[in-house]
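This report goes through one protein model, element by element. The sequence and coordinates come next.

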Amino acid sequence: MPARFRTVLLAACLAPSLALAGCATIHREPFGEAQQAEAVIPGMPQARFWADAPGAARLMAPAYAGPQGERSMLALSGGSDNGAYGAGLLDGWTKSGTRPEFSVVTGVSTGALIAPFAFLGPDQDATLEKLFTGVSAKNIYKNRFPLVIPFSPSIADTKPLARMIETVLSDALIDRIGAEHARGRRLFVSTANLDAQRMVIWNMGAIAASKAPGRYGLFRQVLLASSAIPAFFPPVMIKAESGGRTISEMHVDGGTTAQILTLPDQAIIAGQLPSALSQLHIYMIVNNKLNGEFKLVKPRTVPIASQAISLNLRRATASTVNLSYLYAKAHNIDFNLSFIGKDYPANKKNLFDTDFMRALFAYGRGLGETGKFWAKRPPDEDE
């Protein structure tokens, strides 16, 4: 072990107070389960609902339909910097001339960052291209000093990402989303409430359309929370009111509970189909590979843990996709699925590597331009 590293460890052991002095801490007053159950966002009663609430599917049903009564739902998955695939696919889809106006758009994690721009339409494709081809890790996060990490809520600080969200999502764009909500279109983003251990579905259009003074800030907060990878990125503390007092809820990446959202699992399992979702077309964009990917794992702690987590996330995503497919088949819903091909080279050097994201965006755009990038069923493991 290098002498300098031994010195750092010794300093951490002998002087923890020095580390505490420089770390980011979260202070909040305790509250209980009953208070959480009653908590609401001030001035925005329709801002959110639990994904496992009995009426969740009904709350997701849009009023808007196309000329023939058809409705299109776009579901965007998590995937970190792999979101470049979905952004590129949307751009190519626009160029193919077959992209519909979506009645419902849902987003999880990186999909949540794409969702508002996909919802607004093709005139936001250039913004998505800039977001996923013109940034690097420094635009997303900043690593904390190693000594303070054990006493901090995360390994990295996401102030750069918060600034970027504020820059690209202006008040005027959020107002446009509110106007589309008034037309009957719906935009949903999910987070995980760590205290309650439940998925929260945020009605972003209702937030944007409200007259509450904090609507713009909350809109951006939710997007930041939906991509807050637990432990790596800090949780986002969202203020709510319960029993006349303010409580501070802890929200993290929606992918903690599910990597993609069509309808809540409970609604799918129960076989519910709101009448407003008749003549539905579901388009699922998975910003990841769905098939297993062979990789010889080194017999070391970090590679083993990394590969195991990757396997867990991939299988969870595949299970959600399969469940959605079976539900669609049972209800005569048009099902469409797109994902990163198994043979696409995994040449990423670091998280949010700019060259990797540019190549993946171009790959997605190329597929989108063909107009033939949708699978009608989930892939077999060997496909």
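## Helix α11

In α11, the buried residues are R215, Y216, L218, F219, R220, V222, L223, L224, A225 and S226; buried means under 20% relative accessible area, exposed over 50%, and partly exposed in between, with a 1.4 Å probe and protein chains only. That is 10 of the 12 residues of α11, which is mostly covered. Helix α11 runs over residues 215–226, and its first and last C-alpha atoms lie 17 Å apart, close to the expected 16 Å at 1.5 Å a residue. The expected span is 1.5 Å times one less than the number of residues in the helix. Helices (H or I, at least four residues) and strands (E, at least two) are DSSP runs, numbered from the N terminus.

F219 belongs to helix α11 and counts as buried because its relative accessibility is 0%. Leaving aside neighbours within four places in sequence, F219 is in contact with P116, L169, I174, I177, L187, M204, I207 and A208, where contact means heavy atoms within 4.5 Å. F219 and V189 are 30 residues apart in sequence, with their C-alpha atoms 10.0 Å apart in space.

## Model and overall make-up

The model is predicted: local features need pLDDT of at least 70, side-chain atom pairs count only at pLDDT 80 or more, and totals for chains, interfaces and linings use all residues. Residues are numbered from 1 along each chain as its sequence is written, and side-chain values use heavy atoms, with hydrogens and water left out.

The protein has 14 helices and 11 strands. Of its 383 residues, 51% are buried. Among contacts with a separation of 6 or more, 78% are between residues 24 or more positions apart.

## Nonpolar cores

Which residues touch the most other members of the largest nonpolar core? They are L74, W202, M204, F219 and L223, in a core of 71 residues. Helix α6 (residues 110–120) gives the most to this core, with 8 residues. A second, separate core has 30 residues, M73, I260, M284 and A328 among them. A nonpolar core is here a set of buried Ala, Val, Leu, Ile, Met, Phe, Trp, Tyr and Cys residues joined through side-chain atoms within 4.5 Å. In soluble globular proteins, nonpolar side chains tend to be buried together.

W202 has contacts beyond four places in sequence with I41, A47, R48, L187, F188, V189, T191, I207, L218, V222, I238 and H251.

Strand β8 (residues 236–242) is mostly covered, with 5 of its 7 residues buried. It pairs with strand β9 (residues 245–253) in the antiparallel sense over 7 bridges; two strands pair if DSSP finds at least two bridges between them. M237 stands opposite M250 in β9. The two strands form a hairpin with 2 residues between them, and G243 in the turn has a positive phi of about 60 degrees.

E249 lies in strand β9. Is E249 buried or exposed? E249 counts as buried, since its relative accessibility is 0%. Its side chain makes a polar contact with the side chain of Q36 at 2.8 Å. A polar contact is a pair of N or O atoms within 3.5 Å; within protein, one must be able to donate a hydrogen and the other to accept it, and residues adjacent in sequence count only if both atoms are side-chain atoms. Not counting residues up to four places away in sequence, E249 touches residues including R28, F31, R48, N193, D195 and I238.

## Helix α14 and its flanks

Helix α14 (residues 354–370) has 17 residues and spans 25 Å from first to last C-alpha, close to the 24 Å expected at 1.5 Å a residue. Its buried residues are T354, F356, M357, L360, F361, G364 and G368. These residues are on the same side of α14 because they cover an arc of only 155 degrees around the axis, the arc being that of the directions from the helix axis to the C-beta atoms. The cover over the buried residues of α14 includes α5 (83–96) and α7 (125–133).

At the start of α14, a side-chain oxygen of D353 comes to within 3.4 Å of the backbone nitrogen of D355. Just after α14, G371 takes a positive phi of about 70 degrees.

Most residues other than glycine have a negative phi. N332 has a positive phi, near 60 degrees, and sits in the loop between α13 (301–330) and β11 (334–339). N332 is exposed, with a relative accessible area of 73%.

F352 also has a positive phi near 60 degrees, in the loop between β11 and α14. F352 is buried, with a relative accessible area of 12%.
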